[in-house]
Amino acid sequence: MAILEVKGLSFRYANQEEDTLKNINLKVEQGEWTAIVGHNGSGKSTLARILNGLQLPTEGSVTVQGTELTEETIWDIRRQVGMVFQNPDNQFVGSTVEDDVAFGLENIGVPREEMLTRVAEGIEKVGMESFLTQEPHQLSGGQKQRVAIAGLIALRPSIIILDEATSMLDPIGRKEVIDTIEELRQQVGVTVISITHDLEEAARADRIIVLNGGEVYGEGTPEEVFRMGDKLVEIGLDLPFPIILANKLQELGVEFETDPTNRERLMDELCKLQSKI
């Protein structure tokens with residue numbers, strides 16, 4: 001069942017002569033992790049802002065759980081679609097972790113008793129219980145992003161959008177955020193849309209949509225998309241290291257039972273090969 005559907009979506013900024021997005025059509029299923037990838041300027045962040053109601057399409061439609069995005073329904077859409085932005089420092093608005101998670105609930109007038117329950121729930125889900133009274137400057141980038149995710153959990157959206165949410169983090173922080181999102185998806189069935197240029201991160205998704213020049217350039221499972229190989233490189237994307245290594249090994253005659261689209265799968269395949277030697 002599609003929780004989000006985009007039909008014939010085009011968008012043009014007021015100061016531009018050409019559309020930034022051109023006739024985009026896509027569906028996102030309930031509980032699915034969809035990665036939208038592309039080089040800088042491909043239109044992926046513009047698409048993220050439209051899906052969250054921060055922009056309205058020039059043409060076409062966006063429908064979330066049966067509600068079409070319009071000027072009248074923007075706030076209804078935003079209650080359903082939460083977003084984690086690129087810079088963790090720009091979205092931390094509370095003086096402590098607990099205050100930050102409560103901020104959105106206070107804005108929509110959630111009663112205090114329910115708010116306390118939701119705040120505790122959100123913080124527990126991202127494993128930040130021991131940081132309740134910590135101030136923003138005491139947290140790492142990955143921890144700040146986990147607090148942002150906790151705030152979304154408290155608001156209980158149906159969809160979480162990660163708009164380059166790991167691009168400013170170190171490898172440890174990036175892993176913290178991605179692992180947190182995957183755990184949430186498994187526990188509560190939240191639908192995830194990640195906007196990224198990092199194909200290794202996108203490999204964790206169920207499905208990848210590739211944008212190029214504001215159009216859908218390719219779509220499929222990670223295995224299907226990574227088979228595009230040099231075509232992805234030609235449009236400015238870097239293939240994940242596991243794919244590059246697997247391709248080199250296959251050129252040397254190594255055969256894998258399944259496509260090693262990420263580090264975990266590659267390690268599994270290499271262990272299988274080692275056991276046969």
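Which side chain does a polar contact join to that of Thr20?

Analyst: The model is predicted, so local features need pLDDT of at least 70 and side-chain atom pairs count only at pLDDT 80 or more, whereas totals for chains, interfaces and linings use all residues. Residues are numbered from 1 along each chain as its sequence is written, and side-chain values use heavy atoms, with hydrogens and water left out.

The side chain of Thr20 is joined to that of Gln16 by a polar contact of 2.9 Å; such a contact is a pair of N or O atoms within 3.5 Å, where within protein one must be able to donate a hydrogen and the other to accept it, and residues adjacent in sequence count only if both atoms are side-chain atoms. Thr20 lies in the loop between strand E1 (2–11) and strand E2 (21–29), helices (H or I, at least four residues) and strands (E, at least two) being DSSP runs numbered from the N terminus. With a relative accessibility of 15%, Thr20 counts as buried, a class that means under 20% relative accessible area, while exposed means over 50% and partly exposed lies in between (1.4 Å probe, protein chains only). When its neighbours within four places in sequence are left aside, Thr20 is in contact (heavy atoms within 4.5 Å) with Phe11, Arg12, Tyr13, Ser42, Gly43, Thr46 and Gly214.

Turning to the charged pairs, the structure holds 15 salt bridges, each defined as a side-chain nitrogen of Lys or Arg within 4 Å of a carboxyl oxygen of Asp or Glu. One of them pairs Arg79 with Asp76, with the closest N and O atoms 3.2 Å apart; both residues lie in helix H2 (residues 74–80), 3 residues apart, about one turn of the helix, and Asp76 is partly exposed at 40% relative accessibility. In helix H4 (residues 112–125), Arg118 and Glu114 lie 4 residues apart, again about one turn of the helix, and their salt bridge brings the closest N and O atoms to 2.7 Å. Here Arg118 is buried, with a relative accessible area of 12%, whereas Glu114 is partly exposed at 32%.

Another salt bridge links Asp179 and Arg204, whose closest N and O atoms are 3.3 Å apart. Asp179 lies in helix H6 (residues 171–188) and Arg204 in the loop between helix H7 (199–202) and strand E9 (207–212), so the pair ties together parts that are 25 residues apart in sequence. Asp179 is partly exposed at 21%, and Arg204 is partly exposed at 28%. Elsewhere, salt bridges that share partners join Glu5, Lys7 and Lys27 into one network.
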